[in-house]
Amino acid sequence: MTARIALNFEDGVTRFIEARTDETVADAAYRAGINIPLDCRDGACGTCKCRVQSGAFDAGSYIEEALDAEEAAAGLALACQMRPRTDLAIDILATSAACRTAPQTIEATLAAVEMLSPSAIGFSVETAEPLGFLPGQYVNIGIPGTGDSRAYSFASAPGGTRAAFLVRNIPEGRMSGFLRGATPGARLSLTGPSGSFYLRDVVRPLLFLAGGTGLAPFLAMLEQLAGGAGGQPVRLVYGVTRDEDLVGCDWLDALAARLPGFDYRTVVAAGESAHPRRGYVTGHVDPVWLNGGDVDVYLCGPPPMVDAVRGWLGEAGVAPAGFHYEKFAPAVAPRAAA
């Protein structure tokens, strides 16, 4: 029996490996050419300490100086001792360069492009092999004919050979310009996956807050949940600036029909909008959804939205059990996740 393990490095690179349930994560990584830093291999030094974000494992044997009880309770483990029981997502406390690995580049074919609104473009790509990523992660897509790339979150579930994306249509944007004139069959390069914004084990109610095309990673997460990884209430508040920015509701309706316990609301910020809910997403979160803090909050949107939500939670005196966010900005600005 084997388990699929996602190794997430400090510089945002993610690599997937296969591990037998009778071998340690470190041994499986070395077999795949990934050198997780360690000194002893005996559970004595703590050099290979990592954080397990999801999945079950046997922790193995080690001394307290390498990993104390408080650290183990917080989800830390030793890669040289732990053996997987299920698929795992693990944060490696080192960069990919330190582990002598690198992002993977995959060749893809543009399958379809659709202008969803004046401000949003949907497109999909086909690959020869199934794509491995964690729902919520992004990939860097090269712009044909240039040396540039843009980072876009997957808007579809992992594991298939077709991947969907939902992106902003920026009038002067280089990728937007390419997509507006592109036809199916164009070749694209995908480098990644990357990012620490991804769906963790679902052990409590979920609250998703999306701004604009920040809806994309939530579509991937919801697809994953609809495939059988749910069981908890899932609420989404999706905010946009103008009425014409509101896209993807047909996808959300289809997901609501497949995913019991999922409910969503849309919000438009513009005061002149005829939408029944106007303002900001925080004004349309039912207080009961915060569940007294026993909730996992996921947030993806532009930096001002992320900062506003963090301030709102502080003012409300609510410290969510889990709080994961990703800021995005157009074109060349780097992505930041936490």
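Select serine 119 and aspartate 245: a polar contact of 2.5 Å joins their side chains. A polar contact here is a pair of N or O atoms within 3.5 Å; within protein, one must be able to donate a hydrogen and the other to accept it, and residues adjacent in sequence count only if both atoms are side-chain atoms. The model is predicted, so local features need pLDDT of at least 70 and side-chain atom pairs count only at pLDDT 80 or more, while totals for chains, interfaces and linings use all residues. Residues are numbered from 1 along each chain as its sequence is written, and side-chain values use heavy atoms, with hydrogens and water left out.

**Stop 1: the two loops**

Serine 119 sits in the loop between β8 (104-117) and β9 (120-127). Helices (H or I, at least four residues) and strands (E, at least two) are DSSP runs, numbered from the N terminus. With a relative accessible area of 18%, serine 119 is buried; buried means under 20% relative accessible area, exposed over 50%, and partly exposed in between (1.4 Å probe, protein chains only). Show what surrounds serine 119: beyond its neighbours within four places in sequence, it is in contact with Val167, Arg168, Asn169, Glu244 and Asp245. Contact means heavy atoms within 4.5 Å.

Now centre on aspartate 245, in the loop between β15 (234-240) and α5 (249-258). Aspartate 245 counts as buried at 10% relative accessibility. Not counting residues up to four places away in sequence, aspartate 245 touches Ser119, Tyr238 and Val240.

A salt bridge is a side-chain nitrogen of Lys or Arg within 4 Å of a carboxyl oxygen of Asp or Glu. Arginine 242 is partly exposed, with a relative accessible area of 37%.

**Stop 2: other salt bridges**

The structure holds 15 salt bridges. Select aspartate 296 and arginine 204, whose side chains form one of them at 3.0 Å, N to O. Aspartate 296 lies in strand β17 (residues 296-301) and arginine 204 in the loop between β13 (187-194) and β14 (206-211), so this pair ties together parts that are 92 residues apart in sequence. Aspartate 296 is buried, at a relative accessible area of 5%, whereas arginine 204 is partly exposed at 21%.

Next, pick glutamate 223 and arginine 258, which meet through their side chains in a salt bridge (3.1 Å, N to O). Glutamate 223 belongs to helix α4 (residues 216-229) and arginine 258 to helix α5, so the pair ties together parts that are 35 residues apart in sequence. Both ends are partly exposed: glutamate 223 has 27% relative accessibility, and arginine 258 has a relative accessible area of 43%.

For a network of salt bridges, select Arg20, Asp22, Glu23 and Arg31.

**Stop 3: the nonpolar cores**

Which members of the largest nonpolar core touch the most other members? Of its 32 residues, these are Phe208, Phe218, Leu222, Leu225, Leu236, Leu252 and Phe262. A nonpolar core is a set of buried Ala, Val, Leu, Ile, Met, Phe, Trp, Tyr and Cys residues joined through side-chain atoms within 4.5 Å. At least two residues of this core come from each of β14, α4, β15, α5, β16 (262-268) and β17. Helix α4 gives the most, with seven residues. Another core lies apart from this one; it has 29 residues, among them Ala19, Leu38, Val52 and Ala66.

Zoom in on leucine 236. Leaving aside its neighbours within four places in sequence, its contacts include Phe208, Leu209, Leu215, Phe218, Leu252 and Phe262.

**Stop 4: the whole chain**

Zoom out and switch to a cartoon. The secondary structure comes to six helices and 19 strands. The radius of gyration, taken over C-alpha atoms, is 21 Å, close to the 20 Å that the globule rule (2.2 Å times the number of residues to the power 0.38) gives for 338 residues, so the protein is as compact as a globular protein of that length. The C-alpha atoms fill a box of roughly 65 × 50 × 35 Å along the principal axes. Buried residues make up 49% of the 338.

Finally, colour by pLDDT, the predictor's confidence in each residue, from 0 to 100. The average is 94, and 97% of the residues score at least 70. Over residues 332-338 pLDDT stays under 50; for that stretch the model has 17 contacts beyond four places in sequence.
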